[in-house]
Amino acid sequence: MPRWFNQDTLAGALFLAIGAGGLVAGRSLNVGTADAMGEGYVPLAACWLMVGLGVLIAAGGLRASAPAVEPGRLRPLLAVTAAVLAFAFTLEPLGVVVAIFASALCAARAVPGVALRSVLLPAIVLSLAVLAIFVWGLGLPLHALPRLPG
Amino acid sequence: MIELAGALLGNLAQGFGVAMTPVNLGLCLLGCLLGTLVGVLPGIGPTATVAMLMPITFYLEPTGALIMLAGVFYGSQYGGSTTAILVNLPGESSSVVTCLDGHAMARGGRAGAALAIAALASLFAGTVTTLAIAVGGPAIASVALLFQSPDYVAVMVLGLVAAIVLAHGSLVKAMAMIVLGVFIGLVGTDVTTGEQRYTFGIADLYDGVGFVPVAMGLFGLSEIMLNLESRARDGGLARLRDRLWPSRDDFRSATPATVRGTLLGIVLGILPGGGSTIPSFAAYSLEKKLARDPSRFGQGAVEGVAAPEAANNAGARAGFIPMLALGIPPNAIMALLVGAMMIHGIQPGPQIIAKQPELFWGLVVSMWIGNLMLVVLNLPLIGLWVRLIQMPYRYLFPAIIVFCCIGVYSLRNSMMEVVFMAVAGVAGYVLRKLGCEPAPLLLGLILGPMLEENFRRSLSVSGGDYMIFLQRPISASLLACAVLLLAFVLLPGVRRQRQRLRED
């Protein structure tokens, strides 16, 4: 890993990018004047601040003592995100039980070597608990099973 | 003086009237239990716990909801101390120091005594701090009623500066995170002009970025991801063989430590950004300095459990003072509670005590009742918590994810909110990997709209003259405090000290 590749340079670049992105995306916002601010005054000021702070943070990354990026593992990140997205996209068309199973299956990928059997049983227990607490208990407007067409 | 005391008693009586209704008592109990339940799970701190359980309370009426959320909050904090003592796994940074001597006591077979000392020290701190809120809250609120928009801007700036100063990591990064939070808070329809800002045509963004999905993603999901990466920690289970009650010697050394920890906690906890971590560290090092034989610390010194536990409980609760009296949350958890109040249609601020006394006093009294419940309930339930800690994480986290999803979805019945939570989770993970703590972002997100509104109003009153912030005595002195605070941490000596603290 090259030495410039550390927490500070990357964080600085990230804030710089967000700030610059905000300035570009918000270029049509009306800034107005200090006594009659438009909708863009404060957000664009915040973007400029982020650009400035981003440069400052990145500059700190040139020090020899800048902290290195801790190695991460892609697997948990992807699996957890996939579990949430799976739930989001299956809930409305397919109902809460399918959503829970979809989510649990994705989540199981976070830990290597989990047998299918050890996913299904917790998912069944979890489905029953969710149905009991949220659907029958609190009466949330969730449907349990896939909606039949028509 | 007598009049004041009389008024206080009357108010507390009203509070007892609200807090002792069967429904509110039940909600307080439920909150404490759920909070402890989630709080003892390793790796889930109070902030994540409150964020995850918040949606459950949206179906309640506001007072009950806040009572329950407050219960969740101190329940989870208490749960964190329990795991710190029993298995050497601190739930959050505020119970890190409790691990040192608490777990040492537990390994020596004195787990019961350590847990009892922690519980009693917390109860003492909770009682004193609750009284401080009852006395200090209305006093601060009566001053705050004089505030005009420039003063509000100044008090928020002071709060944000303090949050930067007290953040764990780099100052500039904390500052950037606050600005990012403010920026995200401004997404949506501009209240004054009615124009869309950064909504990109997504209807779910017209009302602004939902606070709950961001908080749950940033704290809950990213915490799960990081936990799954580093699963191998295990401190060895404690033995629970001796009697629970501490000896008379324990009490003799724990009592003064508890009192000192409580006072330190209240003072540091009121400060914006103070929270409960800094008080607990400060209390521990104070005890170590005062002790005749400092080498006992780390080997199971009773003071090393009592003082930080008292300090973190006092600090955590003292945060309610600026939150309730000014509407300014001093730390991430209070920001969550402010968010919950706004969802219930309550605008936090100095007028709350006068306009909704039943909410304020009910909450104050129920915080004390909740503390009592924790002590009475949790000591017998310790065996259950221990068993829960031993449950494999791979069974737990899919359930936690599902509960997060349902909670966020039920907020607006919108799947987009769940997607936003996923995005916030990834963002939280990346930011933490880059050494950026997420707490300042949450503060900025909550304060952003308030800050913009008051900033605009101030400058439109002054005709665009920025000097208005220096002309009003209240705002000028608050801003002066902010500048002094910032200058103070930039002093070379203090910087080195911070550096050293970070490395410890």
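## Where two helices meet

In helix 5 of chain A, A:Pro122, A:Leu126, A:Val130 and A:Phe134 meet B:Tyr395, B:Pro398, B:Ala399, B:Val402 and B:Ile406 of helix 16 of chain B. Meeting here is a matter of contact, that is, C-beta atoms, placed from the backbone, within 7 Å. Nonpolar covers Ala, Val, Leu, Ile, Met, Phe, Trp, Tyr, Cys and Pro; Asp, Glu, Lys and Arg are charged, and the others, Gly among them, are polar.

Two packed helices are described by the angle between their axes and the distance between the axes. For helix 5 of chain A and helix 16 of chain B (residues 393-412), the axes come within 11 Å and cross at roughly 30°. The axes are lines fitted to C-alpha atoms over the stretch in contact, with angles from 0 to 180 degrees between N-to-C directions.

## A note on the model

This is a predicted model: local features need pLDDT of at least 70 and side-chain atom pairs count only at pLDDT 80 or more, while totals for chains, interfaces and linings use all residues. Residues are numbered from 1 along each chain as its sequence is written, and chains are lettered from A and ligands numbered from 1 in the order in which they are written.

## The whole contact

Zooming out, 60 residues of chain A and 51 residues of chain B take part in the contact. On the chain A side, the elements that each supply at least two residues are helix 1 (7-25), strand 2 (36-37), helix 2 (41-60), helix 3 (74-94), helix 4 (96-108) and helix 5 (117-137). Helix 3 of chain A gives the most, with 12 residues. By class, this side of chain A has 45 nonpolar, 10 polar and 5 charged residues.

## Chain A

Chain A has 5 helices and 2 strands, running α-β-β-α-α-α-α from the N terminus on. Helices (H or I, at least four residues) and strands (E, at least two) are DSSP runs, numbered from the N terminus. Chain A is split into domain 1 (7-60) and domain 2 (74-137), with bounds from an automatic or database domain assignment. Their centres, taken over C-alpha atoms, are 38 Å apart.

How does the radius of gyration of chain A sit against that of a compact globule? Chain A has 24 Å, but a compact globule of 150 residues would be near 15 Å. The radius is taken over C-alpha atoms, and the globule rule is 2.2 Å times the number of residues to the power 0.38. The C-alpha trace of chain A spans about 55 × 50 × 25 Å along its principal axes. Buried residues make up 39% of its 150 residues; buried means 20 or more other C-beta atoms within 10 Å of a residue's own, exposed 12 or fewer, and partly exposed in between, with C-beta atoms placed from the backbone.

## Chain B

Chain B has 21 helices and 2 strands. Its radius of gyration is 22 Å, close to the 23 Å that the globule rule gives for 504 residues, so chain B is as compact as a globular protein of that length. Of its 504 residues, 60% are buried.

One residue to look up is B:Tyr152, in helix 6 (residues 149-166) of chain B. B:Tyr152 counts as buried because it has 25 C-beta neighbours inside 10 Å. Leaving aside neighbours within four places in sequence, B:Tyr152 is in contact with B:Phe147 and B:Asn454.
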